[in-house]
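Here is a short briefing on one protein chain. Look over the sequence and the fold, then work through the points below.

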Amino acid sequence: MESSLSRIQALITQIKQEIFSSPFDPLSFVSSSAYETTAWLATVPDHPKQGTNRPMFKGCLEWIVNNQREEGFWEEDGSDGLPTIDGLPSTLACLVEKVPTTNPVDGESYKNQESREIDLHLAPAKIYKDSLAFRLLRMHGYSVTPRSFCWFLYDEDIRVHVERNFEYFIGALYNVYRATELMFSGEYEAQEAKLFSKKLLEKSLKLKSVKDDPNFQRVIEHELRQPWIARLDHLDHRMWIEQNKIDTLWIEKASFDRLSCLHNDKLMQLAVENYNYRQSIYRKELEELTRWSKEWRLSEMGFGREKTAYCYFAIASSTCLPLDSTVRILVAKSSILVTVADDLYDMEGSLDDLHALTQAVQRWDGRCLSGHGDIIFLALDDIVCEIAENHVQQYGIDITENLRDLWGETFGSWMRETTWSKTGYLPSLDEYLQTGMTSIATHTMIMPALCFLNYDLKSDHYQSITKLLMASSRLLNDIQSYQKELEVGKKNFVILYSKAYPKAGLETSINHVKEILDEMKKELLEQALMDGFNDLPKTCNHFHVSILRVFYMFFNSSNLFDSATELLHDINKAIHVPIPIK
């Protein structure tokens, strides 16, 4: 591992030396574009210490407004009036300065582009750039509206032109489809753009030009088969490294980035070395986790699911946030224990034994326990003590009681659901969901990790974004597990909805739950990406999105978590099989 880190550091040093050594001009990093430079000057405040938002160079802002191209972008001349990918930084810089995060980027920012004629030859590049700009700006918290990239749907001539000549719009449609993955609730224009782009992308897979480019074909198939919300960052990074020769997505193949064009081979080598180095860390942590699971006999219970590798893979691959090794392992340990304890309540324990375990956790006194209950309580106590000790060391705050309360609430929800099943009690939909969003234990697994990202665990209520994550996780699980739970008499939102509305039928019930879930996803994304919904740090909000993506990965199209084999390939690619170094 040390040698891998040394190679990475040596590569970084070498790239830096080559970039900044003669005859390379460091000033080449300073944009020669008047648009980018002027946009930067327009951001300088007049009196920053007084908190004023007025620009020091007011003329720069006026120049940006007056020099927007008729087609809606900002770029130097030299491409026969056609926008190129090189103009994207200029356009983004000017957009950010002309509509900051507190004001919406709407049709006005594009000079009411939907009301003017646009040259059909400009349409592919413009749609491409607008959709990419929308995705980048929304990801970084800027208030942008879908009309800024799906305007073409409301221009009959351009829409017909795209449909008839879609083979020339594949790169643009790919980015339109990706932009719609970040739609918020009520953004019906984005939904229409998603359906439109998906239809034409599926059609494009039959084209000879796409079939002749297998890398590009795989990228499109990957995007359509598995949406962004159901993918993990770590595996996405590997996919892009392995598909690094793709250039079809770029509108102008002659376009280049100022940095990557100089040392592309070394940068690619750095990406590979970094990925493989992360794998070496993950392998070591997984070995430690496997030893812990055996030491506390959780992997040898004789019933239920042994998911040590699954739990660790999910947390390690889901996020690039600054979670250190200790926190990753603590979240994975919590996930392992949740899986084992949930299975005990579902399939193994008697009501008396489960009641005793629930009471022991809520009192935090396991002296009366034996057998499986004793094993689970001792492992749980070890987890809580380890989390609390780490938090005291880092922040000087003891959260032991808060952690115990969190687990007590979760065990109580498992006991309630088990009692429902064994007594035949039929809860209302609201009653079920209130319990079910706790029993899925998403918050139990992630909130201790959030404490290391400045989340206040001592708060007596859950944030709205956390509640959305809890409910979404429950519904995702229920959609894929209703058949199994129907057989064993367990309660499930899909089953309860079909009983409450018997005329609807099972398939209609599933579709209804999916609609609820889709709205929750949109609300969660909005609360995570935009300011004003809560007082959580951005890293905490983004961590909620990462965990939501984990549950979509497990339950989007089938129940991968319960499968013994379907995730093994991804686990190997994420942790065990390195990328070959050329």
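Helix axes here are lines fitted to C-alpha atoms over the stretch in contact, and angles between N-to-C directions run from 0 to 180 degrees. The model is predicted. Its chain has 25 helices and 0 strands. Of its 582 residues, 51% count as buried.

**Overall contacts**

- Take the contacts in the chain with a separation of 6 or more: 72% of them join residues 24 or more positions apart.

**Helix packing: α19 and α22**

- Helix α19 spans residues 429–439, and helix α22 spans residues 493–500.
- The two pack at an angle of about 175 degrees, with axes 10 Å apart.
- Angles over 145 degrees count as roughly antiparallel, so α19 is roughly antiparallel to α22.
- On the α19 side, Leu429, Tyr432 and Leu433 make the contact. On the α22 side, Phe493, Leu496 and Tyr497 do.
- The residues of this contact comprise 6 nonpolar, no polar and no charged.

**Nonpolar cores**

- In soluble globular proteins, nonpolar side chains tend to be buried together.
- The largest nonpolar core of this chain holds 117 residues.
- Which members touch the most other members of that core? They are Tyr312, Phe313, Trp407, Phe411 and Phe554.
- Helix α15 (residues 325–348) supplies the largest share of this core, 12 residues.
- Tyr312 also has contacts beyond its neighbours within four places in sequence. These are Ile281, Tyr282, Glu285, Leu286, Leu289, Arg328, Ala332 and Ile575.
- A second, separate core has 34 residues, among them Ile158, Val162, Leu205 and Val219.

**A buried threonine: Thr410**

- Thr410 sits in helix α18, residues 400–423.
- Is Thr410 buried or exposed? Its relative accessible area is 0%, and buried means under 20%, so Thr410 is buried.
- Leaving aside neighbours within four places in sequence, Thr410 contacts Thr438, Ala441, His443 and Thr444.

**Cysteines**

- The disulfide count is 0.
- Cys451 is in no disulfide. The nearest cysteine sulfur belongs to Cys540 and is 8.8 Å away, while a disulfide needs sulfur atoms within 2.5 Å.
- Cys451 has 2% relative accessibility, so it counts as buried.
- Cys368 has 52% relative accessibility. The cut-off for exposed is over 50%, so Cys368 counts as exposed.

Notes:
Residues are numbered from 1 along each chain as its sequence is written. This is a predicted model: local features need pLDDT of at least 70, side-chain atom pairs count only at pLDDT 80 or more; totals for chains, interfaces and linings use all residues. Side-chain values use heavy atoms; hydrogens and water are left out. Helices (H or I, at least four residues) and strands (E, at least two) are DSSP runs, numbered from the N terminus. Angles under 35 degrees count as roughly parallel, over 145 as roughly antiparallel, 65 to 115 as roughly perpendicular and the rest as oblique. Contact means heavy atoms within 4.5 Å. Ala, Val, Leu, Ile, Met, Phe, Trp, Tyr, Cys and Pro count as nonpolar, Asp, Glu, Lys and Arg as charged, and the others, Gly among them, as polar. A nonpolar core is a set of buried Ala, Val, Leu, Ile, Met, Phe, Trp, Tyr and Cys residues joined through side-chain atoms within 4.5 Å. Buried means under 20% relative accessible area, exposed over 50%, partly exposed in between (1.4 Å probe, protein chains only).
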